[in-house]
Amino acid sequence: MTELSISTAAGTFDALVAGPPEGRPVLLLHGFPQTGRAWERQIEALAAQGRRVVAPDQRGYSPGVRPERPEDYRLDILADDVVAITEELGWAAFDLVGHDWGGAVAWWVAGAHPGRVRTLAVVSTPHPGALAEALGTDEDQRKRSQYMIDWRETPATENRMLADDAAELRAAYAGRIPQASADAHARHLSRPGALTAALNWYRAGRPDGEVGVIDVPTLYVWSTDDAVFGPAAARNTGRWVGGPYRFETLEGVSHWIPEEAPETLNSLLLEHLRAHG
């Protein structure tokens, strides 16, 4: 696994890369508050099976792509970043995997660019349509999502999260990921401007357009101890997938599936890729 710089019209994205250059391409999209490092175990497992794997630090997380305006972090713009990154990599088609906010971006890319996405795998994050329905009808999901509104306040949110050696930021992981990873994520987001840029994903407002039914082969992995996304949106996600669909529930696992349950997720991802080769 090595570091890679990917230059696009929007700026330069930092990324981790592994696997043979001629291998089947897989792009991994991280969430908040993490970086591409969150996918280390998946990068190793996929590369070992001959995949060419790239995990970028997304917009705002990469210092070279850190605009100041919150509106520059809308989902449609973040999806355009994925297209630009894969075009720079020379990937006409690719397998796409996303977690948390990266999952939301992945749903968007698969809906807007189905000809580019060979397969889709989303971890934790339900389809945006299913989440919108749950927010309108399910009090449990509304309570889980209240933080998204609270975090729009600035700079109070940043100051609170970074106080006492980023104690609140670290608390988000609830001790469910390796300490070395928690420290690395916290250090990255403690650098000047990084946390504000990451929080701008929450402050960006609604994107242009919506995500419709997904027709590419899709794997969705949800966990019962997820504090962010409840069962209503998770179970209804399948209604928004028209192509081959597999829904897997991990019992007793929290929101941080890639780092908390890497072996289980790796097995599911490899099965998904083999099934739709």
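Two rings of Phe, Tyr or Trp (its six-membered ring) pair if their centres lie within 6.5 Å, and planes over 60 degrees apart count as edge-to-face. I'm writing that cut-off down before anything else. Also for the record: this is a predicted model.

**Aromatic pairs**

I ran the ring rule and the count came to 12 aromatic pairs. I opened one of them, Tyr173 with Trp256: the centres are 5.4 Å apart and the planes are at 65 degrees, an edge-to-face pair. Then I checked where the two rings sit. Tyr173 is in the loop between helix H7 (156–171) and helix H8 (179–190), while Trp256 is in the loop between S8 and helix H11 (257–260), so this pair ties together parts that are 83 residues apart in sequence.

**The sheet**

Next I traced the strands. I get an open sheet of eight, in the order S1-S2-S4-S3-S5-S6-S7-S8, and the pairing is mixed. Which strands stand at the edges? Strand S1 (2–8) and strand S8 (245–254) do, each with a single partner strand, so one side of each has no neighbour in the sheet. From one strand to the next I noted a twist that averages 20 degrees.

I zoomed in on one pairing. Strand S6 (residues 117–123) runs parallel to strand S7 (residues 218–225), and four bridges join the pair. Leu120 is the residue I found opposite Thr218 of S7.

Then I looked at what covers the strands. Helix H2 (residues 75–89) lies across S1, strand S2 (11–18), strand S3 (24–29), strand S4 (51–56) and strand S5 (94–99). Relative to S1, H2 runs at about 110 degrees.

**Helix pairs**

My reminder for this part: two packed helices are described by the angle between their axes and the distance between the axes.

I began with H2 and helix H3 (residues 101–112). Their axes come within 9 Å and cross at roughly 80 degrees. Angles of 65 to 115 degrees count as roughly perpendicular, and H2 and H3 are therefore roughly perpendicular to each other. On the H2 side I listed Leu75, Asp76, Leu78, Ala79 and Val82, and on the H3 side Trp101, Ala104, Val105, Trp108 and Val109. Sorted by class, the H2–H3 contact has nine nonpolar residues, no polar ones and one charged.

H7 with helix H9 (residues 194–203) was my next stop. I have the axes coming within 11 Å and crossing at roughly 130 degrees. That angle makes H7 oblique to H9, and the crossing is right-handed. H7 brings Thr157, Glu158, Met161, Leu162 and Leu169 to the contact, and H9 brings Leu195, Thr196, Leu199 and Arg203. The classes for H7 with H9 are five nonpolar, two polar and two charged.

Last pair: helix H1 (residues 40–48) and helix H12 (residues 262–275). Here the axes come within 10 Å and cross at roughly 40 degrees. H1 and H12 are therefore oblique to each other, and I logged their crossing as right-handed. From H1 the contact takes Arg41, Gln42, Ala45 and Leu46. They meet Pro262, Glu263, Leu265, Asn266, Leu269, Leu270 and Leu273 in H12. I sorted the H1–H12 contact into seven nonpolar, two polar and two charged residues.

Where does a cis peptide bond turn up? It joins Phe32 and Pro33, with omega about -5 degrees. I placed Pro33 in the loop between S3 and H1.

Asp164 also went on my list. Its phi is near 55 degrees, a positive value in a residue other than glycine. I looked up its location, and Asp164 is in helix H7.

Note on methods: Residues numbered from 1 in each chain as written. Predicted model: local features only at pLDDT ≥ 70, side-chain atom pairs only at ≥ 80, totals over all residues. Heavy atoms only, no water. Axes fitted to C-alpha atoms, helices over the stretch in contact; angles between N-to-C directions. Helix = DSSP H or I, 4+ residues; strand = E, 2+ residues; numbered from the N terminus. Parallel < 35°, antiparallel > 145°, perpendicular 65-115°, else oblique. Left-handed = near helix turned anticlockwise from the far one by under 90°. Contact = heavy atoms within 4.5 Å. Nonpolar A, V, L, I, M, F, W, Y, C, P; charged D, E, K, R; others polar. Pairing = 2+ DSSP bridges. Phe/Tyr/Trp six-rings, centres within 6.5 Å; stacked < 30°, edge-to-face > 60°.
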